[in-house]
Amino acid sequence: MADAPITQDVLTIPRKLPEGPVNLVGLTRAAMREALIAHGTPEKQAKMRVGQIWQWIYQWGVRDFDVMTNLSKAYRAELAEKFVIEIPEVVSKQVSEDGTRKWLVRIAGGHEVEVVYIPEEGRGTLCISSQVGCTLTCSFCHTGTQKLVRNLTAGEIIGQVMMARDDLEEWPVPGAPKDETRLLSNIVLMGMGEPLYNFENVRDAMKIAMDEEGIQLSRRRITLSTSGVVPEIERTANEIGCQLAVSFHATTDEVRDKLVPINKRWNIETLLEALRAYPRGRNSERITFEYVMLHGVNDSDEDAHRLIKLIEGIPAKINLIPFNEWPGAPYTRSSNNRIRAFADIIYKAGYASPIRKPRGEDIMAACGQLKSATERARKSRAQIAADAGLG
Ligand code: SAH
Ligand code: SF4
């Protein structure tokens with residue numbers, strides 16, 4: 001098992017089901033134009049119609065064609081017959097003592113994924129999922145114990161953002177000032193799944209989030225976290241242009257092979273090479289190195305020194321994540337003193353080394369704790385231990 005190739009052999013459910021209306025949510029502008037034309041909108045008008053419908057959906061949060069008053073009544077009726085504006089359905093919502101919200105949402109096929117909102121002073125971050133489960137099996141990650149069921153569509157990815165805006169009641173009202181402080185100001189692709197194994201859908205969804213005539217989030221406010229899918233890193237820069245975070249977690253290939261098994265395919269050196277080439281729009285843009293603090297595994301002073309050496313020359317910040325425990329996890333969290341000592345070494349070397357404060361722990365919303373309990377396909381404890389090289 002240890003050397004089994006890591007494959008990505010899942011299908012994404014097509015956006016357009018063979019029968020029934022087409023969901024407009026998640027279509028790129030070009031795809032929406034095609035869809036309108038295919039359903040009878042004259043080609044000459046199509047671009048303008050896309051602009052109008054786009055604004056209703058993404059700027060104002062409208063889900064009902066009847067509200068689109070700059071379209072004729074007849075055209076609205078036609079649209080309502082052929083299209084729908086659909087986002088994932090909220091199954092449950094939990095609110096933590098610290099204000100963190102966690103929603104379980106249902107997508108086509110009855111699958112469920114989790115979405116987390118973390119309020120902060122003057123801003124707020126939405127953590128969204130890109131897959132149901134994950135094909136990768138990082139041994140410290142709860143999601144990794146859940147077999148991948150499928151990739152989310154672009155509509156299901158941007159739909160999580162729209163759902164959160166609904167719940168936060170944050171769609172703008174006509175005439176409101178534009179520069180209000182947003183509750184949902186940042187997006188992180190750090191929920192369930194490996195975003196770079198669902199590249200096109202993640203890209204299309206983030207393009208929608210960044211679109212000037214819609215949700216309007218700057219590319220600097222979107223962070224994609226990857227376990228290290230090296231061939232897609234350059235594409236992320238070219239086709240999405242968002243900020244990058246990398247689940248680094250270890251300073252030797254031997255340890256990283258166990259923690260982040262994709263390391264067997266693309267090792268630390270190969271990963272660092274790709275990160276060195278990741279272009280930055282501004283000097284202030286740095287790559288985030290995520291580093292989970294596991295007691296006795298990757299948290300020694302030597303690890304901290306090795307880490308500094310490895311990332312030399314890469315504009316970086318190192319985000320230390322105290323391990324969030326989950327039932328059956330094969331690791332424990334490093335002590336606060338150990339984490340502080342580790343952070344100190346990094347800080348003294350000139351890097352920002354924030355320690356990520358676990359949020360929403362009481363509702364199992366912290367990093368790496370997400371997993372839809374409803375999914376039946378699970379790996380056994382023995383399998384988790386074997387994958388971690390502990391068996
Ligand atoms: N699949 C992507 C994004 C989702 S995970 C990735 O691996 O980067 C988001 C972050 O949470 C990653 O850095 C991941 O390694 C980390 N994480 C996973 N399980 C965790 C846990 N139990 N405690 C703390 N962080 C965890
Ligand atoms: Fe998948 Fe990321 Fe969890 Fe690894 S850490 S199993 S890549 S979700």
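At its relative accessibility, does Thr 100 count as buried or exposed?

Analyst: Thr 100 counts as buried, at 0% relative accessibility, where buried means under 20% relative accessible area, exposed means over 50%, and partly exposed lies in between, with a 1.4 Å probe and the protein chains only. This is a predicted model, in which local features need pLDDT of at least 70 and side-chain atom pairs count only at pLDDT 80 or more, while totals for chains, interfaces and linings use all residues. Residues are numbered from 1 along each chain as its sequence is written, chains are lettered from A and ligands numbered from 1 in the order in which they are written, and side-chain values use heavy atoms, with hydrogens and water left out.

Thr 100 is found in the loop between strand E3 (89-95) and strand E4 (101-106); helices (H or I, at least four residues) and strands (E, at least two) are DSSP runs, numbered from the N terminus. The side chain of Thr 100 makes a polar contact, at 2.6 Å, with the side chain of Asp 98. Such a contact is a pair of N or O atoms within 3.5 Å; within protein, one atom must be able to donate a hydrogen and the other to accept it, and residues adjacent in sequence count only if both atoms are side-chain atoms.

Glu 169, in the loop between helix H4 (154-167) and strand E9 (186-189), is exposed, with a relative accessible area of 69%, and its phi is near 50°, a positive value in a residue other than glycine. Gln 216, in the loop between helix H5 (199-210) and E10, is partly exposed at 28% relative accessible area, and it has a positive phi of about 60° although it is not a glycine.

The ligands give another kind of surrounding. Of the 20 residues around ligand 1, Gly 193, Ser 225, Ser 247, His 249 and Asn 324 come nearest, a residue being near if one of its heavy atoms lies within 4 Å. An oxygen atom of ligand 1 is 2.6 Å from an N or O atom in the side chain of Ser 225, a polar side-chain atom of Ser 247 also lies 2.6 Å from an oxygen atom of ligand 1, and a backbone N or O atom of Asn 324 lies 2.9 Å from a nitrogen atom of the ligand. On its own, ligand 1 has 530 Å² of accessible area, and the protein covers 96% of it, areas coming from the Shrake-Rupley method with a 1.4 Å probe. Strand E10 (222-226) and strand E12 (287-293) are the elements that give two or more residues to this shell.

By class, the shell around ligand 1 has 9 nonpolar, 9 polar and 2 charged residues, with Ala, Val, Leu, Ile, Met, Phe, Trp, Tyr, Cys and Pro counted as nonpolar, Asp, Glu, Lys and Arg as charged, and the others, Gly among them, as polar. Ligand 2 is surrounded by Cys 134, Leu 136, Cys 138, Cys 141, Gly 144, Gly 193 and Ser 227, and its shell divides into 4 nonpolar, 3 polar and no charged residues.
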